[in-house]
Amino acid sequence: MNITQPFGSTLELIGNTPLVLLKGASAAAGCEIYGKCEFANPGSSVKDRAALYMIRDAEVRGELKSGGTVIEGTAGNTGIGIALVANALGYKTIIVMPDNQSKEKMDTLRALGAELMLVPPTKYADPNHFQHVSRRMAEEIDGAIWAGQFDNTANRKAHIEGTAPELWEQLGGKIDGFTCAAGTGGTIAGVGMGLKAFDENVRIALTDPHGAALYNYFAHGELKAEGSSVAEGIGQGRITANLEGAPIDDQFRISDEEGMQWVEQLLREEGLCLGLSSGINVAGAIELGKRLVGEGRKEARVATILCDTGFRYLSTLYNADWLAEKGLPIFGWLKAD
Ligand code: PMP
């Protein structure tokens with residue numbers, strides 16, 4: 001990206017995010033750990049990339065026409081990405097979201113002009129799950145399309161064509177490992193496929209939060225979830241179309257406590273205010289780094305995703321009452337209030 005020249009459109013601000021060396025995480029791993037600053041996208045999360053690709057793909061397929069509506073079921077960030085891309089291209093947005101997601105995401109969606117429908121958080125098998133409700137709405141409304149991020153592989157294509165080549169270029173082709181957690185799986189599958197196309201020896205690892213089923217799937221071939229997590233946007237119980245064929249070599253399971261420890265440390269030591277999925281990703285990257293170092297690869301370089309901004313979680317992750325309610329450790333400086 002050449003930032004010495006003006007851009008012609010907001011949409012060109014999506015992607016081409018900076019990569020930063022995480023000093024504390026590198027010290028903990030014994031090798032270099034890098035974070036891809038996806039919070040630097042205009043909607044402040046990694047999901048702007050998928051939103052742009054899914055909308056452009058629907059236009060190319062002739063399904064989304066002028067004045068049309070984009071409908072999606074989302075934990076929030078994809079909705080924010082869709083709303084800003086839809087605004088920039090003249091479409092309407094309707095978002096169906098579980099009501100246990102952060103208030104900041106709901107307020108941001110409303111501020112962007114999206115129509116917001118909140119549903120109770122239920123299991124995928126329940127017909128009232130946010131994904132099914134949003135799909136049915138799209139079938140009923142004239143001129144509407146359903147983005148369908150979980151099984152729409154335009155999502156992972158954004159990472160095959162964007163995130164992966166960016167990482168490769170930013171690290172000058174010297175990248176030994178990549179890991180992140182999965183929501184739709186678009187990021188891990190797309191970056192994994194994209195990096196393997198450059199060098200099949202890049203180690204791709206899934207970092208799974210507790211309460212998700214993918215760790216057991218990749219470790220033992222069984223989709224089985226154990227425990228629970230309050231992390232928003234990650235934790236998958238099935239093999240989505242985006243996850244099909246994902247080149248996963250390794251897997252780690254990271255607790256909310258470990259993730260929060262890194263959320264706090266990154267804030268305190270590096271001034272990075274992030275969400276919990278980023279903390280979990282960094283903890284996973286340290287595990288992957290340690291594993292590579294243990295195999296004798298002392299010069300290893302591992303990259304992960306800093307998925308979204310912590311400003312989206314001021315009422316939750318950065319709020320002492322909320323943390324106490326969830327039984328999570330409270331940061332030293334929050335306790336003072
Ligand atoms: N972190 C956050 C905060 C998210 O909103 C998402 C998207 N659901 C992810 C991580 C995971 O990204 P993906 O859907 O590409 O697996």
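Q: Quick one to start: what covers the buried residues of helix 3?
A: The cover includes helix 2, strand 3, strand 4 (92-98) and helix 4 (103-111). Helices (H or I, at least four residues) and strands (E, at least two) are DSSP runs, numbered from the N terminus. Packing here goes by contacts, meaning two residues whose C-beta atoms, placed from the backbone, lie within 7 Å.

Q: And what kind of model is this?
A: This is a predicted model, where local features need pLDDT of at least 70, side-chain atom pairs count only at pLDDT 80 or more, and totals for chains, interfaces and linings use all residues. Residues are numbered from 1 along each chain as its sequence is written.

Q: Which residues of helix 3 are buried?
A: N77, T78, G79, I80, G81, I82, A83, L84, V85 and A86. Buried means 20 or more other C-beta atoms within 10 Å of a residue's own, exposed means 12 or fewer, and partly exposed is in between, with C-beta atoms placed from the backbone. That's ten of the 13 residues, so helix 3 is largely enclosed by the rest of the structure.

Q: What happens just after helix 3?
A: G90 takes a positive phi of about 85 degrees there.

Q: OK, helix 2. How many of its residues are buried?
A: Ten of the 14, so helix 2 is largely enclosed by the rest of the structure too. The buried ones are K47, D48, R49, A50, A51, L52, Y53, M54, I55 and A58.

Q: What do they pack against?
A: Strand 3 (69-73), helix 3 (77-89), strand 6 (144-146), helix 6 (154-170) and helix 7 (186-198).

Q: What span should helix 2 have?
A: At 1.5 Å a residue, helix 2 (residues 47-60) should span 20 Å, and its end C-alpha atoms are 20 Å apart, which agrees. The expected span is 1.5 Å times one less than the number of residues. Just after helix 2, G62 has a positive phi of about 80 degrees.

Q: You mentioned helix 7. Is V191 in there buried or exposed?
A: V191, which is found in helix 7, is buried, with 30 other C-beta atoms within 10 Å. Leaving out residues up to four places away in sequence, V191 touches H159, T163, A164, L167 and F178.

Q: New topic: which residues come nearest to the ligand?
A: G183, T184, T187, G233 and S277, out of 18 residues around the ligand. To count as near, a residue's C-beta atom, placed from the backbone, has to lie within 6 Å of the molecule or strand in question.

Q: Where does L317 sit?
A: In the loop between strand 10 (301-306) and helix 11 (320-325). L317 is buried, with 29 other C-beta atoms within 10 Å, and it touches V263, G275, L276 and G310, not counting residues up to four places away in sequence.

Q: Last one, the whole chain: how many helices and strands?
A: Twelve helices and ten strands. Of the 337 residues, 51% count as buried. Among contacts with a separation of 6 or more, 69% are between residues 24 or more positions apart. The C-alpha atoms fill a box of roughly 60 × 45 × 45 Å, taken along the principal axes.
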